Amino acid sequence: MRDVAIIGVGETQFGELWDRSFRDLGIEAGLKAIQDAKVTAEEIDAVYVGNMSAGKFIDQEHVSALVADYAGLADMHLPTVRVEGGGACGAIALLQGRMAIASGMYDVVVVGGAEKMTDVGEVQAAEILSSTADQEWESVFGATFAGLYAMMARRHMHDFGTKREHLAAVAVKNHKNGALNPVAQFQKEITAETVLQAPWVAEPLGLFDCAPLSDGAAALVLCSMDRARKFTDTPIRIAGSGQASDFLALHDRRDLTMMDASVVAGKRAFAEARLEPRDVQLAEVHDNFTITEILAIEDLRFVEKGKGGPATMDGVTALNGKISVNTSGGLKARGQPVGATGVAQAVEIVRQLRGEAGKRQVVGAKRGLTHTLGGTGATAIVHIFERGD
Amino acid sequence: MKTGIVSYGGYVPRYRIRPKDIGAVWGADGEAMGRALNIRAKSVPGPDEDVITISVEAARACMAKVDVDPQDVGAIYVGSESHPYAVKPTATVVSEAIGASPVLTAADFEFACKAGTAAMQTCMGLTLSKMYRYGLAIGSDTSQGAPGDALEYSASAGGAAFLIGTEHVIAEIDHTVSYTTDTPDFWRREGQRYPSHGGRFTGEPAYFKHVVNCAQLLFKRAGTSADDYDYAVFHQPNGKFPVRAGKQLGFKDAQMDAGLLVRDIGNTYSGAIMVGLCAILDEAEPGDRVFAVGYGSGAGSDGFDMTVTDDIAKIRRDGRTMKDMIADVKFIEYATYAKYRGKILMREAAA
């Protein structure tokens, strides 16, 4: 299997981008990544696109060909693939691109992720998001995404004494990081009081415990490691990847306070990379709700099981803490254009490892990790990245 | 020769409901909603009130202030998004009620919340061109908010009438300017009972973009800035938007307070800026400068730069003022509100 490196990154502003269409966003992110990598159209072998639900959000399927077309690549007749896997689709597209190069079939691949969520109303958007849960056993009975994650939060509170203040600490930290990220949807710090006083979405999750609906796109250019130095002095190597699935419905899971898919995906990625959690300095983890980040840092063994809340409150996961988590602001503050999420997380890690993260730079960042979820954890995918020099 | 406001009259139903009582029904924190919207209560039309009766009340109040012969009113336009009839005008009933029929032109206007100010502009043109001596422009609504929707906390009822002409003008309209784009922030299709809206899309790219751009154009045309005005009034879908837009334009609370009725009566849609303007004219004195920018979803803004004349002292302002109407209140709870607003399915009358 060949080593694969990321040689170019690009992303759009994240937010409620009323005047930008799906294709505007996809093109901007893709072109930025291609320019960053300094590859030519002729050098690109394939395009992989992560997108959760353009069919429902903008009535457009077949976005794989669309993205290549509007990026001006139609007459290259490239193979284009759209990947769907709930919120994990962007990270899965990255794995597919990596595998295509590792196998020797392709040398240079563009991986993109995009979602345009604000063309539908908020209620409809929430319904579309909930469609990654189990329609027959969960959504049909009125379970919303927030409701399902609220159950996980409650159980975590019951079993480990986690408090709302601990959940709030996740939102406060991620907003603080988001304030340092010029493409973040929310570039404003908030206080724990703001989080705790916000109206309920699904108790014990309030408005500020939830990531927003967002528009945005992100893209990466992948290349075989042996050719990567032709394009860049700082290739970022994909050291390990692990993907795992689990029961679709929450009630079938073994444990509500732990996502087995995350645990397995993490173990697989660390095993391939021959690394341990202590070897990474930063991680972008899935924080669609505050509780999700607490579960993630426990499932990935950055902190002890059940201690995710207090650890967050104590600054263990703060910028330049023991492990810097969600330096981009995470889904909570950078924004959550679903299909873009996994790719945007990788963009952040690449910038950090290159030392280009500006005010939110993690000092001495050598290795980073991304963790992305589909649904309520029925899919989890972890990538570990390291400097290739 | 300048055209302007010759007389004015407003009307707000006396029934009110508080955000707290609406929220209680839907399991929501109504008080917090009221604070967020800066609305203490909203007006509710009584069971025998609709856009026709509100328009007639406003038109009568307007005509009662002056000695204009209703037969000299050559045009009546009623702007609303809740005309009782889809086909059959409100304006004809108003014209009969004030004795302006039959030699006049009349029509109903619709442009979301700014149809009334569009009617004012139309009447300005008709009177400046001497096509008619006077035109009556009305903005009036019994606005709809779906049960449980955010709009239900603000959608209220009220209206105002402005007699426009070139003689005995109490407020000269020195400049008017409009800013219009196709922006689908809020809509209601034929046959639909309640409107749809784009959530936060109704803010920045809709209300603020149009109001602020229109206001800045008006400043430019008039060669003025916020400091030149004694009063400012804006379309008021809630108590926050107009204040934020006003401050962005350089106005201070003291300039905006008199016309900001939304806090006590909610959003009267086509009537909103117009009842605010009535409240200003209730207390304005000769020489006062008034700045007004309305907004209608869909979307557009109409702006007016006005100067109050000496003639304001000559009209009868001793009748019911907007302040009187705001103080004359009967609070109702949600069940009565639901009944008055026709939200309860009644037994059908025996055949």
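Trainee: What makes chain A, with its 389 residues, agree with a compact globule?

Mentor: In this predicted model, the radius of gyration of chain A is 19 Å, whereas a compact globule of 389 residues would have one near 21 Å. The rule behind that expectation is 2.2 Å times the number of residues to the power 0.38. The value for chain A therefore agrees with a compact globule. Along the principal axes, the C-alpha atoms of chain A fill a box of roughly 55 × 45 × 40 Å.

Trainee: How do you know that chain B is as compact as a globular protein of its length?

Mentor: Chain B comprises twelve helices and 14 strands. For 351 residues the globule rule gives 20 Å, and the radius of gyration of chain B is 19 Å, close to that value, so chain B is as compact as a globular protein of that length. Its C-alpha trace spans about 55 × 50 × 40 Å along the principal axes.

Trainee: What share of the residues of chain A counts as buried, and what share of those of chain B?

Mentor: A residue is called buried if 20 or more other C-beta atoms lie within 10 Å of its own. By that criterion, 62% of the 389 residues of chain A are buried, and 54% of the 351 residues of chain B.

Trainee: Why is helix H14 of chain A described as largely enclosed by the rest of the structure?

Mentor: Of the 17 residues of H14(A), 16 are buried, so the helix is largely enclosed by the rest of the structure.

Trainee: How do you know that the length of H14(A) agrees with its number of residues?

Mentor: Helix H14 of chain A covers residues 338–354, and at 1.5 Å a residue its 17 residues should span 24 Å. The end C-alpha atoms are 25 Å apart, which agrees. Just after H14(A), A:Gly355 takes a positive phi of about 80°.

Trainee: Which domains does the assignment give for chain A, and how many residues bring them into contact?

Mentor: The assignment gives domain 1 (4–121 + 214–228) and domain 2 (144–201 + 239–387) of chain A. Two residues are in contact if their C-beta atoms lie within 7 Å. On that basis, 34 residues of domain 1 of chain A are in contact with 31 residues of domain 2 of chain A. H4(A) supplies the largest share of the domain 1 side, eight residues. By class, that side of domain 1 of chain A has 18 nonpolar, twelve polar and four charged residues.

Methods:
Residues numbered from 1 in each chain as written. Chains lettered and ligands numbered in written order. Predicted model: local features only at pLDDT ≥ 70, side-chain atom pairs only at ≥ 80, totals over all residues. Helix = DSSP H or I, 4+ residues; strand = E, 2+ residues; numbered from the N terminus. Expected span 1.5 Å × (residues − 1). Buried ≥ 20, exposed ≤ 12 C-beta atoms within 10 Å, placed from the backbone. Domains from an automatic or database assignment. Nonpolar A, V, L, I, M, F, W, Y, C, P; charged D, E, K, R; others polar.
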